[in-house]
Amino acid sequence: MRHSSLVVVANRLPIDDSIAPDGACEWRRTPGGLVSALHPLLRHTPATWVGWAGGTGPAPTLPDVDGVHMRAVPLTAEDLRDHYEGFANSTLWPLYHDAVEQPEHHRRWWEAYQRVNRRFAEAAAEVAEPGAVVWVQDYHLHLLPGLLRAMRPDLRIGFFLHVPFPPPELFMQLPRRAELLRGMLGADLIGFQRVQAAHNFAQLVAKVLSLPATDRRIGVDGRVVRIGAFPVSIDTAEMAALAARPDVAARAQRLRQDLGRPERVILSVDRMDYTKGIEQRLKAYSELLASGHVKVRDTVLVQVAVPSRERVGQYQILRERVEREVGRINGEFGRVGEPAIHYLTQPFDRAELAALYRVADVMAVTPLRDGMNLVAKEYVAARVDDTGALLLSEFAGTAAELSQAYLVNPHDLEGLKEGLLAALHAAPADVSRRMRAMRAHLHEHDIRAWARSYLSALDETGPLVRRLVSG
Ligand code: ADP
Ligand code: F6P
């Protein structure tokens with residue numbers, strides 16, 4: 001059994017299902033912010049990643065990926081249904097995203113959540129060397145810090161929540177609210193995307209557990225748990241270098257040609273998720289086409305919406321509605337060889353995504369609620385010539401950092417239409433000024449800066465930070 005001084009625990013392992021004949025296995029950079037964030041950090045770092053390899057049944061033994069050891073945790077069909085699809089993605093996910101869909105509560109989902117958290121905790125405890133840092137990721141694993149601390153008090157435990165942490169009045173709906181808070185408090189440091197989330201957490205801990213809590217520190221069982229905002233980011237330099245590659249620039253030109261050389265290309269790239277505001281955006285676009293403010297000959301919308309959590313009912317309904325609406329809009333406004341919307345549901349490799357970002361004059365990122373939204377940051381990083389307008393929802397964590405974007409409230413249909421028109425018709429000098437400021441911000445606040453600030457707060461003695469964020 002390999003032991004590591006750094007253990008990352010996340011619901012998913014970051015690997016592809018396919019293993020080459022020589023036993024090699026590749027990082028999976030398919031849709032999802034968590035792997036996008038951690039991939040550039042952990043590559044070539046001696047660490048163990050504990051997670052689920054997809055599928056049900058016994059856990060596979062996996063080869064290392066770029067020096068990172070993969071420790072698979074098995075899930076049964078029941079675990080998958082009740083933990084991943086149930087408690088994580090039908091109770092917590094909608095509740096944490098402003099309950100834009102109705103959260104469901106089932107007692108057997110809670111049993112599965114406990115059971116799976118315990119299994120992940122046992123796997124982490126097995127692979128962590130004495131005094132190791134264990135970094136737990138996201139809402140699938142709220143109980144893990146508490147369980148792990150009871151098993152291995154020698155460990156330094158971090159917890160980072162990639163999604164929003166809701167206001168008390170929403171969180172209070174959870175039948176198991178006290179257990180969830182207690183579980184998180186097993187960590188030494190709890191990181192959130194936004195200051196408001198840390199504030200919500202402190203308020204809840206004081207109210208539900210009657211513990212002394214400020215927005216920075218909480219006292220529990222004679223320990224101090226620190227909390228704070230650590231907005232996650234991307235490998236800005238890597239995306240900029242990719243976008244600047246001649247083959248990517250050539251691909252972007254080719255894409256524009258294939259799109260019929262429109263004056264304006266609008267792009268959206270989302271997981272197919274009801275939090276992403278896809279339906280609202282399509283409605284706004286359709287109304288602009290109907291009113292003649294946008295013409296199919298001059299402007300095209302490219303909507304990339306890769307399917308996600310496909311067995312969950314709310315996601316199935318969303319996909320059907322989106323596809324019906326895209327069909328309706330194309331039927332009503334498209335012309336032969338000139339669809340109003342180019343709709344793509346495939347996962348793309350990084351170079352193709354960079355080419356798409358380069359071809360987009362306007363990037364429409366309009367979630368109803370989003371912890372951060374790395375797509376918006378990737379777009380900015382890819383605009384190496386300081387062109388391109390970012391239309392950004394006020395309800396994305398990104399908006400707190402990229403205030404120079406064209407900000408909109410996606411719940412306000414008229415505001416959304418006005419924002420889209422403003423971004424489409426903005427003066428080039430204004431667009432460049434905003435883009436320059438956003439790019440400068442992201443070059444300073446990239447993924448390494450994020451890891452440095454989080455890990456130096458967690459591991460104050462520092463060797464881990466030096467190892468992870470050097471270079
Ligand atoms: P979330 O974590 O909710 O999925 P983010 O915007 O933070 O949202 O992260 C999405 C990540 O998935 C980004 O890194 C983006 O590049 C990637 N992604 C989204 N759609 C695709 C796609 N069709 N193909 C490949 N990667 C994608
Ligand atoms: O950002 C939230 C998140 O759940 C991440 O943990 C993950 O990267 C992404 O959404 C995709 O979700 P899933 O693992 O359910 O496909």
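1. Ala, Val, Leu, Ile, Met, Phe, Trp, Tyr, Cys and Pro count here as nonpolar, Asp, Glu, Lys and Arg as charged, and the others, Gly among them, as polar. On that basis the shell around ligand 1 divides into 10 nonpolar, five polar and two charged residues.

2. This is a predicted model, in which local features need pLDDT of at least 70 and side-chain atom pairs count only at pLDDT 80 or more, while totals for chains, interfaces and linings use all residues. Residues are numbered from 1 along each chain as its sequence is written, and chains are lettered from A and ligands numbered from 1 in the order in which they are written.

3. Around ligand 1 there are 17 residues, the closest being G33, S36, V306, P347 and L374 (a residue is near a molecule if its C-beta atom, placed from the backbone, lies within 6 Å of it). Helix 13 (374-382) is among the elements that supply at least two residues of this shell, and helix 13 gives the most, with three residues (helices, H or I, of at least four residues, are DSSP runs numbered from the N terminus, as are strands, E, of at least two). Domain 1 (4-229) and domain 2 (236-444) both contribute to the shell, so ligand 1 lies between them; the domain bounds come from an automatic or database domain assignment.

4. The residues surrounding ligand 2 include R12, D138, H162 and R309, and the shell divides into three nonpolar, five polar and three charged residues. Its largest share, three residues, comes from helix 1 (residues 33-42). Ligand 2 also lies between domain 1 and domain 2, because both give residues to its shell.
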